[in-house]
Amino acid sequence: MSSHPNDYIKPELMACCGAREIKDGDVVIVGTGFPTMSANIAKHTHAQNAVMMQESGVYDARPRRPALSVGDPCLNPGAAFVGGLVDIMGMFLQKGWVDVGFLAGSQVDKYGNVNTTVIGDYAAPKNRLPGSGGANPIGSLVKRVLIIALHDTRRLAERVDFITTPGYIDGPGAREKWGLPPGTGPAALITNKALMRFDEKTKEAYLVSYHPGSSVDEVRDNTPWDMKVSADVRETEPPRAEELRVMREILDPHRMIKIYEKRGYV
Amino acid sequence: MSKLTTMKEAIAAHVADGDFVYIGGYICRTPFSAVHEIIRQGKKDLTITRSNAADDFDMLIGAGCVKRFIATFLSLGVYGLGRCYRRSIEKSIPHKIELEEYSNLSLPLMLMAGAMGMPFIPVKDMVGTDLMNVKSFMGDNKYKMIESPFDKSPVMLVPALSPDVGIIHVQQSDENGNAQIWGIGGDCQWGANASKKVIVSAERIVSRDVIGMDPSRTIVPDFKVAAVVEEPYGSHPGYTPGFYDVDFVFGALYQKASDTEQGFNEFLDEWVYGTKDRADYIDHYIKKFGWEAFHRLQARFGFSFPVSYEY
């Protein structure tokens, strides 16, 4: 097996991008799907001491099947701690213990603000979306927010229709002005075409790497703001053999991750 | 004195039109039997709340029971957006509900404040976002920004919530309402204790002696409880840890039915109006899908390590 087998699918690459953002010893708050996959890949490779929690009340679950929601019954038996929202969102997240959190957005803008509330006007929306749930507190309070999004000019925006969850809000100094904890905010935007980070000064998302098969030009064409490009922009490293082995043999033998292809992550 | 009663009597006696109702559950221990009875009795103008609402709230909204929703989120999970919720907000079918939106940190803390008898509570989320810019029936009392009297930093205060009635489903309770749960809690303990009175729906009724063998599991003491209902499979199609799993097949059925207004109404006719209580509902389920399908939902069994409270 070569060190980078080429039979991977895009959601697997994106899950690896997420995994590589997680450091050994991180406390990670996860939902389902990508975030859990990313955190688990990290835990089985370079970050064996990373730990996970779900907002519903669970810490260090040992599920025997992939959880389909953060309230999934498979999270109960074997967990190190089961409480409720006040424990996880209050005692752990608000208190400042959580290093990494994932957000998925129907709409994401250049400052990493995420919209999961409405498309269109709030009072008379074109599409009513689920709302904040845990997204706003995760985006407000974790140290490094990882945002997952589809890469097109509809999902990415200069400015989201509704800021459900704060990224850098309206630019430099905004999080500080509102009293959000120092050292928090979006760290990476992982799309099906690229990995972006947020500029230290301008707080705008810029291109770090484009995924194999894409290019700087394609990413630029599908990004609706005047996107800056890193001086050492390169191709995203494809999934390593070990990462794929962990995903396919241990974490997801039925390859449920393929459902993300149907959702456009190709 | 025993508070044991039927769900029909509990809802008739303790949920009035226009009430503010907390409904517990987080897919885990959803009090679905109570939700169906509220719909059956045609309750109106309710204000409902819970963090992370799902199919049960979608159904109440579609059935026209809800006027106001203190919300953080509503979806059908793996089955996508709440269809009735969308129809209400986007097309005013059956009518447009009023929404006050918070988050899964702020709302549980508002319930905790209610449970503690505190007037309000500071929260660290929501600031800087459009959640501050949309205010509905709570108006300027949705939140207040203040300068911290301690260090001058900006602080958001949100009000305590005290629902008229809280409805929860638990694994076991005694007949007076000492209610015990295990597994994922969501905001159940705080929502129930914030409420002026509580309806306890339980998988099984046990003696006061059994409650006393593991009292750390009690989340609501009996003096707060107005009614106790023994309601096996009361959470279906949600789950109760140690009793039965989520019914994903039924979830797909509800998604498909609620795709259209007509389909949703047919769903209610079959599963809510067409059954007289939870036992009848389960009976209908077994007749329709067979004993095997019902049996498959039952949880496998594994005892936790016994604990002793003795001295």
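User: How many disulfides does a search of the whole structure find?
Analyst: The search finds zero disulfides over all chains, a disulfide being a pair of cysteine sulfur atoms within 2.5 Å. This is a predicted model, in which local features need pLDDT of at least 70, side-chain atom pairs count only at pLDDT 80 or more, and totals for chains, interfaces and linings use all residues. Residues are numbered from 1 along each chain as its sequence is written, chains are lettered from A and ligands numbered from 1 in the order in which they are written, and side-chain values use heavy atoms, with hydrogens and water left out.

User: Is Cys188(B) buried or exposed?
Analyst: Cys188(B) is buried, with a relative accessible area of 0%, where buried means under 20% relative accessible area, exposed over 50%, and partly exposed in between, using a 1.4 Å probe and protein chains only.

User: Switching to helix α3 of chain A, how many of its residues are buried?
Analyst: Eight of the ten residues in α3(A), which covers residues 85-94, are buried, and among them are Leu85(A), Ile88(A) and Phe92(A). Helices here are DSSP runs of H or I with at least four residues, strands are runs of E with at least two, and both are numbered from the N terminus.

User: What follows that helix?
Analyst: Gly96(A) follows α3(A), and the phi of Gly96(A) is positive, near 100°.
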